[in-house]
Amino acid sequence: MSNLKTFIIGGVHPPEQKLSATAAIRPLPLSKQLIIPLGQNLGAPPRVIVKKGDEVKTGQLIAQADSFISANLHSPASGKIAKIDEAVDASGFRRPAIFIDVTGDEWVDDVDTSPEIVRGFSFSKSEIVSRIKAAGLVGLGGATFPTHVKMMVPDGKKATHLIINGVECEPYLTSDHRLMLERGEEMLVGIQLMMQALEVDKAIIGIENNKPDAISHLQLHCKSFQGISVQPLKVKYPQGGEKQLIKAAVNREVPSGKLPIEVGCVVSNVGTALAVYEAVQKRKPLIERVVTVTGKSLSNPSNFLVRIGTPVNELIAAAGGLPGDTGKIINGGPMMGKAVSSPDIPVVKGSSGILLIPEKESRRKKPITCIRCSKCTVACPMGLEPYLLAKLSKLGMFDRTEGGHIMDCIECGSCQYTCPSGLPLLDFLRLGKQKTAHLIRTRKS
Amino acid sequence: MNDILLFTILTLGILGTVLAVILYFVAQKFKVIEDPRIDLVEEVLPKANCGGCGYPGCRNFAEVSVNAANEKQSLEGLNCPVGGNDVMKQVAAILGLEVADQEPMIAVVRCNGSHVNSPARVKYDGPASCAFAHQLFAGEGGCQFGCLGLGDCVVSCDFDAIHMNPETGLPVVNDLCVACGACVKACPRGIIELRHKGKKDRRIFVSCVNKEKGGPARKNCQVACIGCSKCQQVCPYDAIVMANNLAYIDFAKCKLCRKCVEVCPTDAIHEINFPLRKPKAEPAPADPERVDSLHVAGNKENDIQSDSKA
């Protein structure tokens with residue numbers, strides 16, 4: 001098994017800690033009140049089209065995407081619009097949100113809620129894209145890029161491969177793993193739909209070798225789907241990064257500052273593939289997703305099928321309650337996730353996991369000086385020099401960070417993970433990225 | 001042996017002379033003629049190179065000043081905040097011009113979200129950089145407009161004029177401030193503002209920049225401006241403007257009457273370096289010196305307790 005494919009430069013191997021890997025996906029009961037933040041997708045937030053007091057049904061459009069890079073929002077349950085106000089998001093900032101008082105779960109009429117798997121389809125390319133757009137799909141891997149934009153290949157470019165990301169390289173998280181096991185067939189139909197929309201004849205599902213059950217399960221079903229193959233990959237973080245996965249799966253390198261379509265690839269998450277199936281075959285909008293709730297002290301690490309807008313503390317309660325020694329609640333995985341400022345925040349389209357870190361592990365190491373060991377440079381999967389870029393960002397020299405290709409940083413955190421001095425490398429890289437992006441934008445305008 | 005020596009010396013000597021002659025003519029041809037007044041102006045400037053004037057360094061300010069004198073015959077819009085009016089008069093004298101006196105300015109920290117007023121709900125142990133923390137989260141106390149207390153302003157100050165008060169966790173400006181504006185630029189939340197120093201260093205300002213409605217603002221911080229506009233109604237000089245649930249005192253119009261301070265229900269308006277008011281019920285604190293020193297240090301919590309609410 002040693003000659004398994006993987007990406008070449010950098011990477012680390014943190015302890016996998018997949019505590020909830022055997023926990024089947026459970027639907028969570030509906031919450032009393034749902035909070036739907038507007039800015040759930042990358043790009044412009046959609047425009048609210050309901051008002052206070054309106055009755056809404058499950059799956060009804062409540063916010064319309066006006067600009068190109070934006071995604072529709074639908075009501076995750078039936079009920080009444082309580083208010084349109086500001087709600088605290090994961091970082092503690094107040095952002096506009098729609099509050100819905102839930103009364104039941106009455107779906108809008110055109111959604112097919114039956115559990116049967118619909119395999120056959122005869123949709124044209126534009127029909128698939130318009131249904132994806134109507135359902136408000138975004139990339140469920142965490143970056144929340146609107147899927148319909150991804151499905152439209154720019155003029156002059158040609159996609160050759162659709163790569164499906166089932167890597168789930170983040171420690172702890174198991175939502176994609178469980179989805180592949182439990183909803184594999186539907187997912188494969190979704191992949192076929194995406195292949196049709198992109199006009200490609202090859203789709204590769206990249207799965208890390210620590211999920212042998214998912215690999216064999218999908219390999220079995222793949223036989224009845226033409227053009228789809230499963231590619232087992234060596235376990236290495238951050239293989240779930242778009243550029244790393246392309247390198248691992250088809251051995252192509254995305255040029256600096258370019259999108260994967262430049263090398264003929266489109267990458268999509270397994271969760272998104274399933275959502276595409278539901279959106280196109282069942283006309284079901286994106287109103288729920290699978291969220292892993294896990295942690296070492298948690299009594300019952302679980303994978304829940306949750307409606308968007310459910311408060312995180314209800315998820316934690318359903319997984320056995322908040323352990324007393326919790327020091328930090330992380331939205332996402334331990335490597336790329338961010339600590340939340342309050343457990344009252346809602347689940348959004350991009351939440352893949354809720355991770356509870358015990359108090360004794362939640363503290364950072366006290367940073368000491370850089371000893372120039374260059375471990376971060378070795379670990380960086382993008383071939384950058386994190387120690388230098390972090391220092392330049394700290395000093396505010398954003399002209400030089402640009403030359404150091406800071407915009408290529410994928411914020412995977414491998415540098416900070418390996419740093420023996422405990423330096424906040426990723427933190428300053430994030431800051432530098434933001435400021436450099438601002439610099440580039442101002443220069444353009 | 002001697003031949004080699006002689007040859008070398010002669011060759012190098014002749015080469016040197018020829019190149020010197022060429023360089024002389026080139027230097028004459030491409031001579032940079034600089035106004036000698038630039039050097040004179042630079043001489044009187046403070047040479048702090050702080051950039052407070054808006055130009056990169058004192059030399060550049062001198063060049064701009066001389067250019068302005070040549071082209072517009074006035075120094076309007078040019079001011080060295082560090083040197084103040086004295087230096088600007090000297091600059092004007094060198095250039096044969098007149099300058100109007102500028103009101104001296106000072107940096108003011110418009111947040112009072114101390115550990116007491118806005119208790120921490122989460123703990124931050126990331127890098128000590130406000131710029132980073134600002135993009136990461138709202139703040140330990142929960143206020144997304146308030147001071148993060150990580151000291152980017154302190155690092156940016158070249159004059160040792162701003163320090164963190166460990167008790168409150170807020171920066172404090174002292175008398176060394178020359179209003180260069182470095183901290184104003186360093187603060188990612190725009191809390192610090194340059195305001196008129198005021199007569200006898202007396203200042204009144206709204207110590208809050210929270211644009212939220214009253215309820216959420218007060219939830220995070222006891223001394224937040226809730227936008228009740230009581231101060232605006234009581235102000236006899238129309239100096240207070242309300243915008244985004246926040247009062248702002250225009251320092252150009254404020255006559256330091258202190259009426260707004262009395263009516264503010266959340267103690268969000270601060271007065272600095274004012275004499276003690278006459279006690280209403282209880283006698284004022286016995287030691288006026290202590291109160292004075294607190295004023296200079298800008299310890300606002302004590303200001304309120306010992307001063308306006310005594």
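This is a predicted model: local features need pLDDT of at least 70, side-chain atom pairs count only at pLDDT 80 or more; totals for chains, interfaces and linings use all residues.

Trainee: What makes the radius of gyration of chain A agree with a compact globule?

Mentor: Set the value against the rule. For 445 residues, a compact globule would have a radius of gyration near 22 Å. Chain A has 21 Å, so the two agree. The C-alpha atoms fill a box of roughly 65 × 50 × 50 Å along the principal axes.

Trainee: What share of chain A is called buried?

Mentor: The cut-off is 20 or more other C-beta atoms within 10 Å of a residue's own. In chain A, 51% of the 445 residues are buried.

Trainee: Which strands form the open sheet, and in what order?

Mentor: Chain A has 14 helices and 17 strands. Four strands form this sheet, in the order β11-β10-β9-β12, with parallel pairing.

Trainee: Why are β11 and β12 of chain A called edge strands?

Mentor: Because each pairs on one side only. β11 spans 228-233 and β12 spans 265-269. From one strand to the next, the twist averages 25°.

Trainee: How do you know that β10(A) and β11(A) count as paired?

Mentor: Pairing needs at least two bridges. β10(A), residues 202-208, and β11(A) share six bridges in the parallel sense, so they are paired. Within β11(A), S229(A) is the bridge partner of I204(A).

Trainee: What packs on the sheet there?

Mentor: Helix α5 of chain A, residues 212-222. Helix α5 touches β10 and β11 of chain A, and its direction makes about 160° with that of β11(A).

Key
Residues are numbered from 1 along each chain as its sequence is written. Chains are lettered from A and ligands numbered from 1 in the order in which they are written. Helices (H or I, at least four residues) and strands (E, at least two) are DSSP runs, numbered from the N terminus. Axes are lines fitted to C-alpha atoms, for helices over the stretch in contact, and angles run from 0 to 180 degrees between N-to-C directions. Two residues are in contact if their C-beta atoms, placed from the backbone, lie within 7 Å. The radius of gyration is taken over C-alpha atoms; the globule rule is 2.2 Å times the number of residues to the power 0.38. A residue is buried if 20 or more other C-beta atoms lie within 10 Å of its own, exposed if 12 or fewer, and partly exposed in between; C-beta atoms are placed from the backbone.
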